[in-house]
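Please consult the sequence and the model alongside the text.

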Amino acid sequence: MPLSPIREITTFNTQPLLTGFDDEGANAHPPITGVADFKFAGRETQHATHALHPYIAAINPPLANTLITHYVPAGEMVLDPFCGGGGVLVEAILNGRRAEGYDINPLAVLISRVKTRHIAERFSRCEYQRIIDEATTCKVPTSDVPEMIRYWYTDESLIPLSALRSVIHHTVDVKLRELFRVVLSATARDSMLTYRGEVRLRKLQGRDLERFRPDVFSAFRRRAELAITRVAQLPVGSFAGVELRDARQIEVPGGFHTAITSPPYADDTNGVGYFQFSRNMLFWIGYSLDELKEQRRSFLGGGTFDSERITSLPSQTFDEVLTVIKERNKIHYRQALLFYLDYYNALDRITSAVGERAIIVIGDRVLSRTHINNGRITSELMDALGFGLEHYYKREITKKRIPNLGGDGGGTSVEHILIYRRR
């Protein structure tokens, strides 16, 4: 039986993080000024290609813009090893920086690639017309749609979604095929029988379900018009190198001035449900359920617990937290240990790839009624990797959250903005 969400939460070391970087002379990089609370209230977040496709727990675009313009000189290379919906990469492109992004989620890779690549409107519009003409007239069976996917759609929606999937699959030009797969993915989300703004999928109920009557082709047309226009407005020739890659396996050191990234706050089971968010959309762009299950195991903390291969981490805060969690819930203990071991390995590879800075944007979390200060844990791990905390900012967040999970795991209201510099 789930524990009550009102049970007391255990906390550790609530003292504020202090910058310990010793470069305070004339060559020191100044901190960001003129930004009161980093909420960026009233600032546009759906400009340029940010509006092409939603992505769960995405970085705030004005925040990404501020970090890039303040810490990365024009023309330098930015790395985002957890690129998600491409927020950092888009802002880098818009601000004259080169960019490269990795993610283990193929949906994130596809979205980020399309959001950062200029395509002339005359090419995409011609292909769009072909897709609409064929999809609205062809008959495509829906028998191959698994029950797990059918559950989230009306029978009427399955027919046009299947037709669009089939027609887009036969687009010859790779760039155009990827563009319209992103359009289809966003359309599939628009048509899903789910409540919006939720961290985990929850099917519409009662009157909400009765009132929701999605028009797939209309949604596709709206999404396509937006995508065609916005990618054409990107700087001519712009693109970011985006690859399906595990951050724990970055092989080539150097070449990047700064890494700017917002990594997962927790494993997929106890944190933001990236797999659940992506599953239905990945099906419509060509992934089988077996492929999706395998893909989920590659997320941080998604591997198999092997006590013989477990090592300690250079973080006193994590040791204290883990001791309490182990006493309360052995499953949570194993999940937390696996996640933070993977997280440390990712940080190790990221720091080996950058020449100047690594900027981490991360929130805290709760597990087994235990508050986990991800900001402090990250700083202790980065210190062991030879990176000092140069500047520290924080922002109160209300919309970016993780689920309660019955009182054992919980949301966050603070996001740490951690600026690390190589010692």
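Which side chain does a polar contact of 3.1 Å join to that of Asp364? The partner is His371; a polar contact is a pair of N or O atoms within 3.5 Å, where within protein one must be able to donate a hydrogen and the other to accept it, and residues adjacent in sequence count only if both atoms are side-chain atoms. This is a predicted model, in which local features need pLDDT of at least 70 and side-chain atom pairs count only at pLDDT 80 or more, whereas totals for chains, interfaces and linings use all residues. Residues are numbered from 1 along each chain as its sequence is written, and side-chain values use heavy atoms, with hydrogens and water left out.

**Overall form**

- The chain contains 14 helices and ten strands, taken as DSSP runs numbered from the N terminus (helices: H or I, at least four residues; strands: E, at least two).
- Its radius of gyration is 22 Å, close to the 22 Å that the globule rule gives for 423 residues, so the chain is as compact as a globular protein of that length; the radius is taken over C-alpha atoms, and the rule is 2.2 Å times the number of residues to the power 0.38.
- The C-alpha trace spans about 65 × 55 × 45 Å along its principal axes.
- Of the 423 residues, 54% count as buried (under 20% relative accessible area, with exposed over 50% and partly exposed in between; 1.4 Å probe, protein chains only).
- Among contacts with a separation of 6 or more, 80% come from residues 24 or more positions apart, a contact being heavy atoms within 4.5 Å.

**Asp364 and its surroundings**

- Asp364 occupies the loop between strand S5 (354–363) and strand S6 (365–367).
- A second polar contact, of 2.8 Å, joins the side chains of Asp364 and His416.
- Asp364 is buried but has no salt bridge, and Arg376, the nearest side chain of opposite charge, is 8.5 Å away. A salt bridge requires a side-chain nitrogen of Lys or Arg within 4 Å of a carboxyl oxygen of Asp or Glu; for charge, Lys and Arg count as positive and Asp and Glu as negative, while His and the chain ends are not counted.

**The loop between S4 and H10**

- Asn270 lies in the loop between strand S4 (256–261) and helix H10 (274–284) and is buried, at 5% relative accessible area.
- The side chain of Asn270 makes polar contacts with those of Asp267, at 3.1 Å, and Gln335, at 2.7 Å.
- Asp267 also meets Arg365 in a salt bridge (3.8 Å, N to O). Arg365 is in strand S6 and Asp267 in the loop between S4 and H10, so the pair ties together parts 98 residues apart in sequence.
- Both partners are buried: Arg365 has a relative accessible area of 0%, and Asp267 has 3%.

**Helix H3 and other salt bridges**

- Nine of the ten residues of helix H3 (residues 106–115) are buried, and at its start a side-chain oxygen of Asn105 reaches to within 3.0 Å of the backbone nitrogen of Leu107.
- The whole structure has 20 salt bridges, including one between Glu178 and Arg113 (3.1 Å, N to O). This pair links helix H7 (residues 174–191), which holds Glu178, to helix H3, which holds Arg113, 65 residues apart.
- Glu390 forms a salt bridge with Arg357, their closest N and O atoms being 2.7 Å apart. Glu390 is in strand S8 (residues 387–396) and Arg357 in strand S5, 33 residues apart.
- Salt bridges with shared partners join Glu356, Arg357, Glu390 and Arg421 into one network.
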